[in-house]
Amino acid sequence: MNKVILLQIVSNFISEILKFFCSSNVRTLAEIEDELFRMTKAFIREIVKAYFELVDEAILKDKTSRKQRGLVVERREDRRSLYTIFGDISFKRTYYFDKSHKKYVYPLDEALRLDKRQRLSKTVTVKLVETAGQVSYAKSSMNVTEGELSKQTVKNKIHSLNLEALKVEVPKKRGVEVLHIDADEDHASLQNGRSTNLPLVCIYEGTFKEGSKNRCINPIYMSGYGKDTDEFWLEVADRIYELYDPEDIKGIYIHGDGANWIKEGISWLPESKLVLDKFHLNKAILESTARQPEKRRDIYRAINTNDSNFFKKITSEMFKCASSERERKMIADFRRYITNNWQSITIRNEEDCGSSSPEGHISHVLSSRLSSRPMAWSRKGLKNVSALRAYICSGGKVKAEHVRGNDQKGDKTDKRHNFTLNLEDIFSSTVSEIGSITVLGTGKVTPLYTTLKGICHSGFDFS
């Protein structure tokens, strides 16, 4: 890419804009913005294509370095395509035989840090995965690439997530005396027609008031789908000790509905106590007294005064007054549920257990993406998206290294064959021409500005 090529690309871009504004077609403001955006992306693709081929030409002309590395030209102008945030970029590069290592290589791919199987740029991959954590695979493709990539491509990226790497890092361990864990589960449909449970926990340091809502302090979410109970709670315990100094922790409250898998957490976390959250308690009371609402006040009074005998007396009376076998069964199940969880209910009368909202976490983290609308999941997709949702809702940011198969091969190759070119030194005249383009002097951060500025400083990461 010399001065003539650069000026030709810029000239074509300007001509397109002039033709557009000189045409007699009546357009709305939105149509004008869309067309200008399309032309700008096309211009950026041409600039980046020329930049890639410029690097390839620089390697070809650097005969001294090629001789030292043992690179012999095999053939010219092999085509390759890379899908970027600006669209698909097709470019040519030179194929070499590496005499030192007895293999064929594309030095341009190494210089740009492109894996030989990499079809999408890191930026596109990250955006597709991030968006797929919020909306369907098809909508993710539409939002990021205007539907140019298939939903299967998005699905493949989700399935290739490195779940072990999806962990929010903290600069140092925090010291707190009391921790809270909200535990609950969502229910999602599988492609085989069955339903499955998705356990979720939220580790946090208490709550604070924000308007009319309670917000968790430093929440960390963890998805337990695909793991047995002991494995999941061991991971939770390990995560707590990574985040907090265990010597400072004086107590842990596990809030939940009393399910067996939640109770199992007590055996894994020392100084922990189970607290039946108010949502599930109130739900059980309302359902059991649907036909005898006058009993609700007495039930609440029995619970608030820790009077288990009074509670048993009230439920016995309810059982006798029940009008159907179905109602009697409901009352018997309710009595058993409260009795089995009596200590985790009345603990609120003796200790400040804080507020909790396991159901709210389920709705926010899992249901909004996985089960609130009719959809059927593969087990792999369900496991990866639930882990991704937990990571994002914990404040995590998706990075290229979170997607398997997107590791940059250039990092692993022999450093003697890992090309790093300083274009500012080699092509100072061309870079100077790029830098003189008016858009760089406006100060506005646009895709065009970012791309051209990146080229000028030889630091734009196209991969």
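## Basis

The model is predicted: local features need pLDDT of at least 70, side-chain atom pairs count only at pLDDT 80 or more, and totals for chains, interfaces and linings use all residues. Residues are numbered from 1 along each chain as its sequence is written, and side-chain values use heavy atoms, with hydrogens and water left out.

Helices (H or I, at least four residues) and strands (E, at least two) are DSSP runs, numbered from the N terminus.

## The three-strand sheet

Three strands form an open sheet in the order β1-β2-β3, with antiparallel pairing. Two strands pair if DSSP finds at least two bridges between them. β1 (71-84) and β3 (103-105) are the edge strands, each with a single partner, so one side of each has no neighbour in the sheet. On average, neighbouring strands are turned by 25 degrees against each other, direction ignored.

β1 and β2 (residues 87-98) run antiparallel and are joined by 11 bridges. Y83 has D88 in β2 as its bridge partner. Helix α2 (residues 29-61) packs on this sheet and touches β1 and β2. Its direction makes about 10 degrees with that of β2. Axes are lines fitted to C-alpha atoms, for helices over the stretch in contact, and angles run from 0 to 180 degrees between N-to-C directions.

## Helices α12 and α15

Helix α12 (residues 296-304) packs against helix α15 (residues 342-350) at about 80 degrees, with the axes 9 Å apart. The two are therefore roughly perpendicular (65 to 115 degrees). A302, I303 and N304 in α12 meet W342, I345, T346 and N349 in α15; contact means heavy atoms within 4.5 Å. By class, this contact has four nonpolar, three polar and no charged residues. Ala, Val, Leu, Ile, Met, Phe, Trp, Tyr, Cys and Pro count as nonpolar, Asp, Glu, Lys and Arg as charged, and the others, Gly among them, as polar.

## Aromatic pairs

The whole structure holds 11 aromatic pairs (ring centres within 6.5 Å, using the six-membered ring of Trp). F311 and W342 form a tilted pair, 5.8 Å centre to centre with 45 degrees between the planes. Planes under 30 degrees apart count as stacked, over 60 as edge-to-face and the rest as tilted. F311 sits in helix α13 (residues 308-321) and W342 in α15, 31 residues apart.

F311 is buried at 1% relative accessible area, and W342 is buried at 16%. Buried means under 20% (1.4 Å probe, protein chains only). Elsewhere, ring pairs link Y95, F97, Y104 and Y106 into a cluster.

## Loop residue S160

S160 lies in the loop between α7 (151-159) and β4 (178-189). S160 is buried, with a relative accessible area of 16%. Leaving aside neighbours within four places in sequence, S160 contacts N384, H402, V403 and R404.

Key
Angles under 35 degrees count as roughly parallel, over 145 as roughly antiparallel, 65 to 115 as roughly perpendicular and the rest as oblique. Buried means under 20% relative accessible area, exposed over 50%, partly exposed in between (1.4 Å probe, protein chains only).
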